[in-house]
Amino acid sequence: MSEGPRGQLPPPLSQPLPRIIEGPRVTLRSHDVGAASTLGDLVMSNLDHLSILPFAEREPLTLDERRAMIEEWELTRLAGRDCVYGIWRDDQLIGSCGLHRRLPDPAALEIGYWIDVAHEGQGFVRESVLLLTETAFTFEEIDVAVICFDVQNDRSRAVATSCGFQTVRTVEMAQEFRTSAASGREDVTEMRRAAFDVAWRDETG
Ligand SMILES: CC(C)(COP(=O)(O)OP(=O)(O)OC[C@H]1O[C@@H](n2cnc3c(N)ncnc32)[C@H](O)[C@@H]1OP(=O)(O)O)[C@@H](O)C(=O)NCCC(=O)NCCS
């Protein structure tokens, strides 16, 4: 993997990220080629809603392209880098999220997410972020989970805030993350290992 504009990539994780993460209301499953068309349908029915995200500008993908992308994601997961998860509510795919080893800090993992517009505002992304943060801290080498979002993305800020992430700086957005719908500046928020509420599941019941 090449070096990105955010700087030198850190070393791989000590082991691959897990394929499945079970939560109280949602299950995160690393995307599977068998569900490529399901993912494609969800992306296509949410394209306007996702216009702030760079990948939306590369849509529509063909089914073969989406399968190839998912296969590439699995190789990346096995290499101890990113993992991109489907957010499943019972047997329905309702969104996508991930843990990404793309910040220069070797103690950091970045979290990304989106959800089907019909499932917004019900706390499913909040739960997914808490699951991803908890998973990040099962790796001894990780001390901080990071969420970055466009300064105008109030819904994304609400997710980070409600999970207890703290804003640490506002920066120019790297070129690869800019879209025509983006402002060009992003807030960087962090959750340190020591500040993470390991009993969060008790609150969500
Ligand atoms: C940003 C985005 C993922 C937020 O999704 P969401 O469904 O609003 O997120 P959640 O519902 O999990 O959490 C946010 C809100 O739900 C509330 N919430 C938490 N648990 C809840 C529950 N059990 N029931 C109802 N609401 C709940 C949170 O407190 C928060 O509320 P607030 O907006 O009043 O502060 C979504 O708008 C999206 O996909 N946007 C397009 C893509 C995008 O911008 N991705 C992020 C890029 S950085």
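Where is Gly98 found? Gly98 is found in strand 4, and that is a handy place to start. This is a predicted model, in which local features need pLDDT of at least 70, side-chain atom pairs count only at pLDDT 80 or more, and totals for chains, interfaces and linings use all residues. Residues are numbered from 1 along each chain as its sequence is written. The helices (H or I, at least four residues) and strands (E, at least two) used here are DSSP runs, numbered from the N terminus.

Back to that glycine. Gly98 counts as buried because it has 22 C-beta neighbours inside 10 Å. The cut-offs go like this: a residue is buried if 20 or more other C-beta atoms lie within 10 Å of its own, exposed if 12 or fewer, and partly exposed in between, with C-beta atoms placed from the backbone. If you leave aside neighbours within four places in sequence, Gly98 is in contact with Asp82, Cys83, Val84, Tyr85 and Gly112. Contact here means that the C-beta atoms of two residues, placed from the backbone, lie within 7 Å. Gly98 and Ile87 are 11 residues apart in sequence, with 9.7 Å between their C-alpha atoms.

Now for the strands. Strand 3 (83–89) and strand 4 (92–100) pair in the antiparallel sense over 7 bridges, where pairing requires that DSSP finds at least two bridges between two strands. In this pairing, Ile87 stands opposite Gly95 in strand 4. Strand 3 is largely enclosed by the rest of the structure, because 5 of its 7 residues are buried. As a bit of background, side chains in a regular strand alternate between the two faces of the sheet.

The turn of the hairpin is worth a look. The hairpin of strand 3 and strand 4 has 2 residues between the strands, and Asp90 takes a positive phi near 55° there. That is a positive value in a residue other than glycine. Asp90 is exposed, with 8 other C-beta atoms within 10 Å.

Next come the helices. In helix 1 (36–44), Ala36, Leu39, Leu42 and Val43 are buried. They cover an arc of only 130° around the axis, which puts them on the same side of helix 1; the arc is that of the directions from the helix axis to the C-beta atoms. The face turned away from the buried side of helix 1 carries the exposed residues Ser37, Asp41 and Met44. Helix 2, strand 3 and strand 4 are among what covers the buried residues of helix 1.

Between helix 1 and helix 2 (63–78) there is a loop that holds Pro60. A cis peptide bond joins Glu59 and Pro60, with omega about 0°.

Helix 2 has Arg66, Trp73 and Arg77 as its buried residues. Seen down the axis of helix 2, these buried residues fall within an arc of 35°, so they line one face of the helix. Asp64, Glu72 and Leu75 are exposed on the other side of helix 2. The buried residues of helix 2 pack against strand 2, helix 1 and strand 3. As for its length, the 16 residues of helix 2 should span 22 Å at 1.5 Å a residue, and its end C-alpha atoms are 23 Å apart, which agrees. The expected span is 1.5 Å times one less than the number of residues. Gly80 follows helix 2 and has a positive phi, near 80°.

Helix 3 (124–136) is largely enclosed by the rest of the structure, because 11 of its 13 residues are buried. Among them are Phe124, Val125, Glu127 and Ser128. The 13 residues of helix 3 should span 18 Å, and the end C-alpha atoms are 18 Å apart, which agrees.

That leaves the ligand. Strand 5 (108–115), helix 3 and helix 4 (154–162) each supply at least two residues of the shell around the ligand, and helix 4 gives the most, with 5 residues. Of the 21 residues around the ligand, Gly123, Val125, Arg126, Phe149 and Ala158 come nearest; a residue is near a molecule or strand if its C-beta atom, placed from the backbone, lies within 6 Å of it. The shell around the ligand divides into 11 nonpolar, 7 polar and 3 charged residues, where Ala, Val, Leu, Ile, Met, Phe, Trp, Tyr, Cys and Pro count as nonpolar, Asp, Glu, Lys and Arg as charged, and the others, Gly among them, as polar.
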